[in-house]
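Dear colleague,

I am passing on the structure we spoke about, together with some notes on what was found in it. Please read them with the coordinates open beside you.

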Amino acid sequence: MTDKEIITKTNRKIFHLYNQDGIIDIISAAVLLNFGLDLLKNSETTSIFTWVPILLISSLKDKITNGRLTPEHLGMDRKSIRKWTFLPAVAMILTLTLLGTFVLGDPLGIQQSEILPFSGDSLSLVASLLLSLAWIISGLLTGLKRFYLYAAVAFFAGLISFFFLPIYFPFFLTAGVILAIGAVLMVKFTKTYPIIEKEEKDEN
């Protein structure tokens, strides 16, 4: 293994540690819950409340994570840490934009099309596939295996919704699973990594 490969592997491990706080999960769940409410209300555009949780990522990282895992303790520079906070927000914005464009209001008439040789809600299936694909891509890029679980939940919830349940069901169910896992991660993280006192930070 080359030095570059060792550094890349080490950085990925640190990235995984930094994202064991559950913040990305909880924020994602909040966004999906709000998007589900947009669908429930038959909105043609995403509401401002759907976007608001994304703005909280940085402040939550500062409050919960950065006080426990400082860049010095992680052996990383602050620029890299800020990038790790910025990129998930960008991914959420892109996913939400994609869902809002193709799902809300159904501008392409997907609901009337026949995707499968069975009668069902095609728009619900497409929406869940888009969400599942977003989680798969996120898992491939980050190496966070729990993202594949979220993708599977979104996909199977979409299949159920295609046949039986309304379009907002996959979003509420997926959000519920993500929120539960995120909450467990956050509790474990805060117990495992206590807040570093200011004096200790200064010494480092």
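Of the 204 residues of the protein chain, 43% count as buried, and this, like everything below, refers to a predicted model. The chain holds 10 helices and zero strands, so that reading along the sequence gives the pattern α-α-α-α-α-α-α-α-α-α.

I would begin with the salt bridges, of which the count comes to two. In one of them the side chains of aspartate 21 and lysine 61 meet, with 2.7 Å from N to O. Aspartate 21 sits in the loop between helix H1 (3-18) and helix H2 (23-40), whereas lysine 61 belongs to helix H4, and the pair therefore ties together parts that are 40 residues apart in sequence. Both partners are buried by the cut-off of under 20% relative accessible area: aspartate 21 has a relative accessible area of 0%, and lysine 61 has a relative accessibility of 1%.

The other salt bridge joins aspartate 25 to arginine 146, and here the closest N and O atoms are 2.7 Å apart. Because aspartate 25 lies in helix H2 and arginine 146 in helix H8 (residues 146-163), this pair ties together parts that are 121 residues apart in sequence. Aspartate 25 is buried, its relative accessible area being 0%, and arginine 146, at 13% relative accessibility, counts as buried as well.

Lysine 61 comes up again when one looks at helix H4 (residues 57-65), whose buried residues are Ile57, Lys61, Ile64 and Thr65. Seen down the axis of H4, these buried residues fall within an arc of 90 degrees, and so they line one face of the helix.

Turning to helix packing, helix H7 (residues 122-142) and H8 pack with their axes 8 Å apart and at an angle of about 170 degrees. Since angles over 145 degrees count as roughly antiparallel, H7 and H8 are therefore described as roughly antiparallel to each other. The residues of the contact between H7 and H8 divide into 14 nonpolar, nine polar and no charged.

In the loop that runs between H7 and H8 you will find lysine 145, which is exposed, with a relative accessible area of 69%. The C-alpha atom of lysine 145 is separated by 9.9 Å from that of histidine 16, although the two residues are 129 residues apart along the chain.

The buried residues of H9 are Pro170, Phe171, Thr174, Ala175, Ile178, Gly182, Leu185, Met186 and Phe189.

Finally, there is one backbone detail to look at in the model. Asparagine 42 has a positive phi of about 60 degrees although it is not a glycine. For context, most residues other than glycine have a negative phi. Asparagine 42 lies in the loop between H2 and helix H3 (48-51), and at 66% relative accessibility asparagine 42 counts as exposed.

Note on methods
Residues numbered from 1 in each chain as written. Predicted model: local features only at pLDDT ≥ 70, side-chain atom pairs only at ≥ 80, totals over all residues. Heavy atoms only, no water. Buried < 20%, exposed > 50% of the residue type's maximum accessible area, 1.4 Å probe, protein only. Helix = DSSP H or I, 4+ residues; strand = E, 2+ residues; numbered from the N terminus. Arc of directions from axis to C-beta. Salt bridge = Lys/Arg side-chain N within 4 Å of Asp/Glu carboxyl O. Axes fitted to C-alpha atoms, helices over the stretch in contact; angles between N-to-C directions. Parallel < 35°, antiparallel > 145°, perpendicular 65-115°, else oblique. Nonpolar A, V, L, I, M, F, W, Y, C, P; charged D, E, K, R; others polar.
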